[in-house]
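Here is a quick tour of one chain, written for someone who likes to know the cut-offs behind the words. Have a look at the model first, then read on.

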Amino acid sequence: MPLKTRIMKFINSQLIVAVIAAIFTVGSANAQEIIKDSVKTVKPTKSSKKVKVDGIIATVGDYIVLDSDIDKSFLELSSQGQSIKDITRCQMLGKLLEEKLYAHQAIQDSIVIKDEEVKEKMSEQIGYMVEQLGSMEKVIEYFKKDTEEDFRSELFDIIKTNKLTSEMRKKIIDAVEITPEETRNFFKSIPQDELPLFGAEMEVAQIVITPKISQDEKQRVINRLKEIKAEVLAGSSFKTRAVIYSDDRGSASNGGFYKINRKTQFVKEFKDVAFSLGEGEISEPFETEYGYHIIMVEKIKGQEVELRHILMMPKVSDQALKEAKEKIISIKNKIESGEITFAEAAKTMSDEKETRANGGTLINPKTQDTHFELTKMDPSLYSEVSNLKDNAITPPILDDDPRTGKKYKIITVTNRINEHTADYAKDYIKIKDLALKEKQIKAIGKWSEEKIKETYVKINGEYEDCLFINNWQKK
């Protein structure tokens, strides 16, 4: 099969999976029910062939698919502005069957999704829905539910099934690894006229100067956190104060809640404090690169800690901003005069430790290499560098990072790579990624084939005549 066809089939398959997952994640009215033991299996007779029984069009293990699931999936796609003209009902059913197979097998493999995780996700989604539609009553009306309890119950099942599906698929894909030899063989197997074309790219470096915070401002923040701690110890709600005062935009709306373990990607100082506290304890104010925090531990469950925290970021004074701008202008002038190179200045003067050691070179978060494809570059970064000439440096840019606050930066383009046909040496990381994706496709295909054989699958009515990619009918 040609490379383009192979990869595009994979991408299209992933797109449909992602879209369907998005439908279920947002909480559409799809019925995703687990068959209870008390439900009797209806075996279709010759006379009942092609007739839908109670709307059930398919069964996969302990899960069912209703005819209305397909209708509502198409409806949701249309409402999101997605084109549905090239997706047939049989294709949509095929993807729903795949999702049910993943969820069913996740249970067989004892993959556990904790109710607390589901409830946390459900709370986030309901909050988003209420924000979009205006009220809980409108949400219930939109999804055609009789009561809030009915809506929450169905959404809970949808999210749990979705998480089971995601974890099962992740388990399959995470087990797949690719060797350099396999990558080389994959590249050699591609005909010369089918080699992928990679778009224009660039490598970018930056120098960052962070305004200095005065000791008085730091002490003001520490004192305020101590006051909040005292208020909570006197009976006030930590959760409410996190909503009102925390500068952590990722958790403030949720009352500062996080659930972490030793492997969670939090800064060391935060985890050290979190794991030193007992249940109900509140820490003293402590500092991380993001500002000052206090933590209250709610529950300790084995290796996991459920906590709430409040982050306060010291405010930058106008004078500190002015001094930071003057410093970065001075650095820019030294580079442009030839007194120092951009890379040397980044290593010795930049306040950004993530890029400092590498001469200021940015890492693409999507690919983990240093190349940024112009058509896929973050719009804000693109606007800053798209018109830069070779060896030019941007004027000082004031960056207001919601995580770390205000800072000044200058940026330069260190390398430009024109659109080109794939080259094994130059594009090894991209080729390795393509080879890995193809190997993952094969692993998923093999897994599906094996699990379909050993799982009860029944397709009813008109859908018996569908031509699926997978052998759901076991013919």
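## A hairpin and its neighbours

S10 and S11 make a hairpin, with three residues sitting between them. Strands here are DSSP runs of E with at least two residues, helices are runs of H or I with at least four, and both are numbered from the N terminus. The model is predicted, so to speak of a local feature takes pLDDT of at least 70 and side-chain atom pairs count only at pLDDT 80 or more, while totals for chains, interfaces and linings use all residues. Residue numbers start from 1 along each chain as its sequence is written, and side-chain values use heavy atoms, with hydrogens and water left out.

Leucine 398 has tyrosine 408 in S11 as its bridge partner. S11 (residues 405–417) is also joined to strand S4 (residues 201–209), by nine bridges, and those two run antiparallel as well. In that pairing, glutamine 206 stands opposite isoleucine 411 of S11.

## The chain as a whole

The chain has 15 helices and 13 strands. Of its 475 residues, 43% are buried, where buried means under 20% relative accessible area, exposed means over 50%, and partly exposed is in between (1.4 Å probe, protein chains only). The accessible surface comes to about 26,700 Å², and 51% of that belongs to carbon and sulfur atoms. Areas are from the Shrake-Rupley method with a 1.4 Å probe, and for residues only the protein chains shown count as cover. Among contacts (heavy atoms within 4.5 Å) with a separation of 6 or more, 66% are between residues 24 or more positions apart.

Which residues does tyrosine 102 touch, leaving aside neighbours within four places in sequence? The list is Leu164, Thr165, Met168, Arg169, Ile172, Ile444 and Trp447. Tyrosine 102 lies in helix H3 (residues 89–108) and is buried, at 2% relative accessible area.

The side chain of histidine 309 makes a polar contact with the side chain of histidine 293 at 3.3 Å. A polar contact is a pair of N or O atoms within 3.5 Å; within protein, one must be able to donate a hydrogen and the other to accept it, and residues adjacent in sequence count only if both atoms are side-chain atoms. Beyond four places in sequence, the contacts of histidine 309 include Phe238, Ala242, Tyr258 and Phe270.

## Salt bridges

Side chains of opposite charge can pair when their charged atoms come close. There are 31 salt bridges in the structure, each a side-chain nitrogen of Lys or Arg within 4 Å of a carboxyl oxygen of Asp or Glu. Here are some of them.

| Aspartate 109 | Lysine 171 | 3.4 Å |

Glutamate 231 is partly exposed, at 27% relative accessibility.

Aspartate 109 and lysine 171 meet in a salt bridge. Aspartate 109 is in the loop between H3 and helix H4 (115–133) and lysine 171 is in helix H6 (residues 148–174), so this pair ties together parts 62 residues apart in sequence. Aspartate 109 counts as partly exposed at 29%, and lysine 171 does so at 42%.

Since glutamate 182 lies in helix H7 (residues 180–188) and lysine 439 in helix H15 (residues 428–454), the pair ties together parts that are 257 residues apart in sequence. Glutamate 182 is partly exposed at 30%, as is lysine 439 at 28%.

## A nonpolar patch

Val243, Ile244 and Tyr245 form a nonpolar surface patch with about 270 Å² of accessible area together. Patches are made of residues with over 30% relative accessible area and no salt bridge; nonpolar side chains (Val, Leu, Ile, Met, Phe, Trp, Tyr) are joined within 5 Å, like charges within 9 Å. Tyrosine 245 belongs to helix H9 (residues 238–245) and is partly exposed, at 32%.

Notes
Two strands pair if DSSP finds at least two bridges between them.
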